[in-house]
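Take a look at the fold before reading on. The paragraphs below go from the whole chain to its core, its surface and its charged pairs.

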Amino acid sequence: MKVKIFFILICSQLLFNISKVNAAEEIKIVYSIFSRTIKVNSLKKFAEKGDSTKNLRRILKATGSPDNEIRSVLNKNFEVPITIASKLVYSEIGTVFLTRLSAIIHPPKADDQRTGMLALRASTIKGIKIGDGKINLINFFEGYPTKTVILNVNALSKVMNKVESITELLDFFTNSPLEKIKTN
């Protein structure tokens, strides 16, 4: 009898006490067969104050960009009302964009683009909520629904070869579609 009660208590803890992931804790940067992991908190601290850990410093140095430029990209806010963002991420163009982006940013072990697209959609909406109507990369990662976010540098490089700068890419995808949705 005691064994049954013990077994029931253990099973109920496993079934009903599942830990909840509220935000991404780390970003795993994958490049070919190599990978590095950065903690979202250390990236946030760098974005806010310029302080970085040794691991983050090595990764930032590899980009070849000055710290102030990286901090500027991390802190760049895009003001997007939640209703417009919702329309955009649930629209046909939004779904296509998020599906393509899911090849670059996705949950670990995601076997399909749909899972990545859904995670990006959730992260965008939650990131805007965290930023109180504004979103930046830090808020985006803080809103990501899994503990780890995979950033595939190979896939990012392919996209970056098609545009001149990440700023051009961000401006295109945040300004053009938003203006069209605002008028509808």
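What share of the contacts in the protein chain with a separation of 6 or more comes from residues 24 or more positions apart? The share is 58%, where contact means heavy atoms within 4.5 Å. This is a predicted model: local features need pLDDT of at least 70, side-chain atom pairs count only at pLDDT 80 or more, and totals for chains, interfaces and linings use all residues. Residues are numbered from 1 along each chain as its sequence is written, and side-chain values use heavy atoms, with hydrogens and water left out.

The protein chain has ten helices and six strands. These are DSSP runs, numbered from the N terminus: helices are H or I with at least four residues, strands E with at least two. Of the 184 residues, 32% are buried. Buried means under 20% relative accessible area, exposed over 50%, and partly exposed in between (1.4 Å probe, protein chains only).

Now go inside. The largest nonpolar core has 32 residues. Such a core is a set of buried Ala, Val, Leu, Ile, Met, Phe, Trp, Tyr and Cys residues joined through side-chain atoms within 4.5 Å. Ile27, Leu74, Ile105, Phe140 and Tyr144 have the most contacts inside it. Elements that each supply at least two residues of this core include β1 (26-31), α7 (113-130) and β6 (148-152). Beyond its neighbours within four places in sequence, Ile27 touches several residues, among them Val40, Leu43, Phe141 and Leu151.

Next, the surface. The protein chain exposes about 12300 Å², and carbon and sulfur atoms supply 58% of that area. Accessible areas come from the Shrake-Rupley method with a 1.4 Å probe; for residues, only the protein chains shown count as cover. Phe34 lies in strand β2 (residues 34-39). Phe34 counts as exposed because its relative accessibility is 59%.

Finally, the charged pairs. There are three salt bridges, each a side-chain nitrogen of Lys or Arg within 4 Å of a carboxyl oxygen of Asp or Glu. Lys39 pairs with Glu26 at 3.3 Å, N to O. Lys39 lies in strand β2 and Glu26 in strand β1, so this pair ties together parts 13 residues apart in sequence. Glu26 is buried at 18%, while Lys39 is partly exposed at 47%.

Glu142 and Lys44 form another bridge, with their closest N and O atoms 2.8 Å apart. Glu142 sits in helix α8 and Lys44 in helix α2, so the pair links parts 98 residues apart in sequence. Asp67 bridges to Arg57, the closest N and O atoms being 3.0 Å apart.
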